[in-house]
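Please consider the following notes while viewing the model.

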Amino acid sequence: MSTQKSVILVSGGLDSATTLALAKSQGYACYALSFDYGQRHRVELQAARQIAESLGVIEHKFIHLNLDNIGGSALTDSQIQVPVSGLSKQIPVTYVPARNSVFLTLALAWAEVLSAYHLFIGVNAV
């Protein structure tokens, strides 16, 4: 089994939960990183905490960002309605501009501090 350190982005959703479980099953020493970025769906933060605890991560950090100040997404802007059904061929209104790029940058920063050489992210293709 590997004892290599890894930083895993954990949002509380299915993609990141599966990614954490895979990293853990492959023997990585897992450090979970979650973000409170002003999202309106706060239940995912609770789910991220539960997932990280149940999978036994070494440490779980929550970083607070103000992506709601940027706007442009139904997840961070109360003026944009969150859709409750239907799929679109367009970029969804729940897309948060550059969110994953920002998250990966901060994950890399923590990985450098930990001397971790592996980053894991599980995201939806849309």
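1. Strands β1 and β4 (residues 118-120) pair in the parallel sense over three bridges. Two strands are said to pair if DSSP finds at least two bridges between them. Within this pairing, Val7 stands opposite Leu119 of β4.

2. The model is a predicted one, in which local features need pLDDT of at least 70 and side-chain atom pairs count only at pLDDT 80 or more, while totals for chains, interfaces and linings use all residues. Residues are numbered from 1 along each chain as its sequence is written, and side-chain values use heavy atoms, with hydrogens and water left out.

3. Strand β1 comprises residues 5-9, and four of its five residues are buried. Buried means under 20% relative accessible area, exposed over 50%, and partly exposed in between, with a 1.4 Å probe and protein chains only. β1 is also joined to strand β2 (residues 29-36) by five bridges, and these two strands run parallel. Here the bridge partner of Ile8 is Ala32 in β2.

4. Together with helix α1 (residues 14-25), β1 and β2 make a right-handed β-α-β unit. A crossover is right-handed if, with the strands pointing away from the viewer, the path from the first strand over the helix to the second runs clockwise.

5. Apart from neighbours within four places in sequence, Ala23 is in contact (heavy atoms within 4.5 Å) with Ile8, Tyr28, Cys30 and Phe120. Ala23 and Ile8 are 15 residues apart in sequence, and their C-alpha atoms are 8.1 Å apart in space.

6. The chain as a whole has three helices and four strands, arranged along the sequence as β-α-β-α-β-α-β. Helices (H or I, at least four residues) and strands (E, at least two) are DSSP runs, numbered from the N terminus.

7. Along its principal axes, the C-alpha trace spans about 45 × 25 × 25 Å.

8. Of the 126 residues, 37% count as buried. Among contacts between residues at least 6 apart in sequence, 71% join residues at least 24 apart.
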